[in-house]
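Reader: Can we go through this one together? I'd like to start with the backbone and then look at packing.

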Amino acid sequence: MAASEPVRRMVVGITGASGTVYGIRVLEALRALKIESHLVISKAGDQTRSLETDVSASELRALADHVYAPGDIAASISSGSFQTMGMIVAPCSVRTLSEIATGVTSGLVSRAADVCLKERRRVVLMFRETPLHAGHIKSMLAVTEMGAIVAVPSPAFYTRPRTVDDIVTHSVARVLDLFGLDTKTFPRWSGPSGVDRPATAKRRSGK
């Protein structure tokens, strides 16, 4: 009997923290990788989208294969029996991080993350806040102890980024690395002699 194909579904949450572009790039990368995306956007996430980008609500939702309302607790992604690779929250607000850290599930974003954690699936939170007070740091520790990964989108300058898009693309690609997904869209470090630049990076730099 042949082994079943691995599940290629990813849950994506977009919350009200600054950095809607991270969620947009995650969805675009998943589509390019042919990973089925399941999107939930919080109410605050939609508000931040309208303030930070020229992307409409419908255009953002069109980037995903499946979209759920933030209050739809009966959605498929709220059940552990619905198999996924895990979940990426990009960007992740303080409120969402704190809810996940304490097991509070006031909406579908935190519920879906809680489900992934209880099923021992990977949850990556692109936490967007600075500076941090002790409560933030304690929540980051708590959610890490529960099995999630706090991936603050800190730019890598050894790649010599030339645009904001270069920085965003690198951060998103590193997050997808955590799921074993290689976007092949950013230069990787190859030692003191420099970085291993893919063709796309060379074209952007004009070399």
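**Backbone, burial and a helix pair**

Author: Arg120 sits in the loop between α5 (108-118) and β5; helices (H or I, at least four residues) and strands (E, at least two) are DSSP runs, numbered from the N terminus. Note that this is a predicted model, where local features need pLDDT of at least 70, side-chain atom pairs count only at pLDDT 80 or more, and totals for chains, interfaces and linings use all residues. Residues are numbered from 1 along each chain as its sequence is written, and side-chain values use heavy atoms, with hydrogens and water left out.

Reader: What is phi of Arg120?

Author: Phi of Arg120 is near 60 degrees, a positive value in a residue other than glycine. Most residues other than glycine have a negative phi.

Reader: Is Arg120 buried or exposed?

Author: Arg120 counts as exposed, because its relative accessibility is 71% (buried means under 20% relative accessible area, exposed over 50%, partly exposed in between, with a 1.4 Å probe and protein chains only).

Reader: And what about phi of Lys34?

Author: Lys34 has a positive phi near 60 degrees, and it is a residue other than glycine. Lys34 lies in the loop between α1 and β2 (36-41), and at 70% relative accessibility Lys34 counts as exposed.

Reader: Switching to peptide bonds. Which residue is joined to Pro91, and is the bond cis or trans?

Author: Ala90 is joined to Pro91 by a cis peptide bond, with omega about -5 degrees. Pro91 is in strand β4 (residues 86-92).

Reader: Where is Pro131?

Author: Pro131 is in the loop between β5 (122-127) and α6 (134-145). The peptide bond from Thr130 to Pro131 is cis, with omega near -5 degrees. Most peptide bonds are trans.

Reader: On to packing. Is His38 buried or exposed?

Author: His38 is buried, with a relative accessible area of 2%. His38 lies in strand β2.

Reader: What does His38 touch?

Author: Not counting residues up to four places away in sequence, His38 touches Arg9, Met10, Val11, Val12, His66, Tyr68, Ile77 and Phe82; contact means heavy atoms within 4.5 Å.

Reader: Last topic: how do the axes of α1 and α7 cross?

Author: The axes of helix α1 (residues 20-32) and helix α7 (residues 164-177) come within 9 Å and cross at roughly 60 degrees. Axes are lines fitted to C-alpha atoms, for helices over the stretch in contact, and angles run from 0 to 180 degrees between N-to-C directions.

Reader: Which residues make the contact?

Author: From α1, Val21, Tyr22, Arg25, Val26, Ala29 and Leu30; from α7, Asp165, Val168, Thr169, Ser171, Val172 and Leu176.
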